[in-house]
Amino acid sequence: MINISDKRKCTGCAACFNICPFHCIEMKEDEEGFIYPIVNQDECRECGLCNKVCPELNVKRCKNEFNNVYVASNKDKQVLQKSSSGGIFYELAKNILTNGGVVYGAAFEENNILNHIEVSDINHLKKLLKSKYIQSNINDVYKKIKENIKNDKYVLFCGTPCQVSGLKKYLDKDYEKLILVDFICHGVPNQKLFQKYLDDIRTFCNETSQIKKIDFRSKDLNWEKFGMKIEFESGKIYSNDGNTDYWIKSFLQDIMLRPSCYNCANKGIDRNSDITLADAWGIEQYNSAFYNKQGTSLVVVHTLKGQNKIEEIKSCIMIDSVEEDFIKKHNVNTYYSAIADRRRKQFFKHINKGYGFKECVDKVIGIDFLTRVERKIKRKK
């Protein structure tokens with residue numbers, strides 16, 4: 001049976017939960033709020049499938065046949081406005097849907113819980129757009145994907161690199177009609193923390209109505225600004241940039257990420273996905289013609305079927321090749337894990353004492369001298 005003795009070795013991908021034929025594994029929150037598999041030992045038959053399917057217990061560094069690197073942006077300004085960066089995911093998803101397929105991605109549902117859901121109607125695709133800086137619940141999505149594949153449907157799955165790795169281990173083989181899309185991931189906080197953050201926002205706004213929309217990357221100012229925007233049913237709007245908003249600020253300073261994010265097994269340009277998407281930071285220095293104030297995407301294609309999908313959507317996007325050096329210079333999260341420091345332990349200590357989110361961040365935010373030195377040393381290793 002699966003046994004998590006080191007939480008740095010579990011990403012919460014839920015592959016074990018999905019594979020268990022006896023339904024004796026639950027994904028439960030620990031004291032920090034991160035989900036881990038818990039086995040009902042009375043029901044477990046020791047079949048060993050959970051251990052076999054775990055990507056962390058069976059780490060195998062992938063080597064892609066090629067890694068074609070592009071910068072791209074959608075020609076449709078409305079799509080661009082609704083996307084976090086260049087709107088490439090929208091076109092990939094639309095391509096799958098118009099071919100009778102289904103798309104899986106993260107969407108906020110009741111009570112602002114982030115779940116991976118299935119979309120089969122292009123009118124519902126907007127639920128999956130935009131970055132969400134929280135770990136989503138996979139639930140039984142891997143099982144549903146397998147069923148759709150059996151029914152000969154095109155399927156696109158978009159998730160974190162560890163979720164893609166979990167799905168790939170669960171399926172245990174490649175499928176021509178399955179397109180796997182991941183993104184260059186900074187790391188994931190959890191939903192328990194996000195609910196505490198939202199409680200603080202409600203208090204700050206003196207608001208009791210339901211939240212209508214959450215946007216972690218509002219483009220009201222500029223796509224390069226990490227701007228949090230929350231709209232309430234009453235019409236009231238909370239909006240702050242990444243230098244001021246407490247969620248974005250603590251996310252970018254790595255104080256509340258999942259333990260496995262500090263030693264991620266999915267770093268590097270070679271991926272388990274067919275396509276990797278990200279922000280094309282620094283594009284104005286590399287190719288000013290492709291800079292768009294509403295967003296430009298970095299696209300890395302790893303497989304032939306991924307390349308074929310890019311070719312199929314080329315009429316809808318502006319796209320140009322770049323060298324891998326562009327990624328190395330402007331997107332270090334491709335290659336390096338987030339760096340943990342002493343503030344994380346302090347932060348969760350305050351959280352577990354029952355303090356509000358803002359209060360906990362205020363107690364630890366700001367990088368002291370020793371932390372700055374530690375981070376520089378670790379980056380050079």
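Predicted model: local features only at pLDDT ≥ 70, side-chain atom pairs only at ≥ 80, totals over all residues.

Reply: Residues are numbered from 1 along each chain as its sequence is written, and side-chain values use heavy atoms, with hydrogens and water left out.

Me: How many of the 11 residues of helix α6 are buried?

Reply: Helices here are DSSP runs of H or I with at least four residues, strands are runs of E with at least two, and both are numbered from the N terminus. Buried means under 20% relative accessible area, with a 1.4 Å probe and protein chains only. Among the buried residues of α6 are Cys162, Leu167 and Tyr170. Helix α6 (residues 161-171) is largely enclosed by the rest of the structure, because the number of its residues that are buried is nine.

Me: At what angle do helix α4 and helix α10 pack?

Reply: Axes are lines fitted to C-alpha atoms, for helices over the stretch in contact, and angles run from 0 to 180 degrees between N-to-C directions. The axes of α4 (residues 88-98) and α10 (residues 304-312) are 10 Å apart, and the angle is about 95 degrees.

Me: Which residues of α10 does α4 meet?

Reply: Contact means heavy atoms within 4.5 Å. From α4, the residues involved are Leu92, Asn95 and Ile96; their partners in α10 are Lys309, Ile310 and Glu312.

Me: What is the volume of the largest pocket?

Reply: On a 1 Å grid over the protein atoms alone, a pocket is an open set of points with protein on both sides within 12 Å along at least five of seven lines, a cavity is a set where a 1.4 Å probe fits but cannot get out, and lining residues have an atom within 4 Å of a point. Grid points are joined across faces, edges and corners, and a volume is the space filled by probe spheres set on the points. For the largest pocket that volume is about 900 Å³.

Me: Which residues are the closest to the centre of the largest pocket?

Reply: Elements that each supply at least two lining residues include α4, β4 (102-109) and β11 (275-279). The lining has 45 residues, and the closest to the centre are Ser84, Ser131, Tyr133, Phe183 and Ile184.

Me: Which residues are the closest to the centre of the largest cavity?

Reply: The largest cavity holds about 200 Å³ of space. Of its 20 lining residues, the closest to the centre are Cys162, Cys185, Ser260, Cys261 and Cys264.

Note on methods:
Buried < 20%, exposed > 50% of the residue type's maximum accessible area, 1.4 Å probe, protein only.
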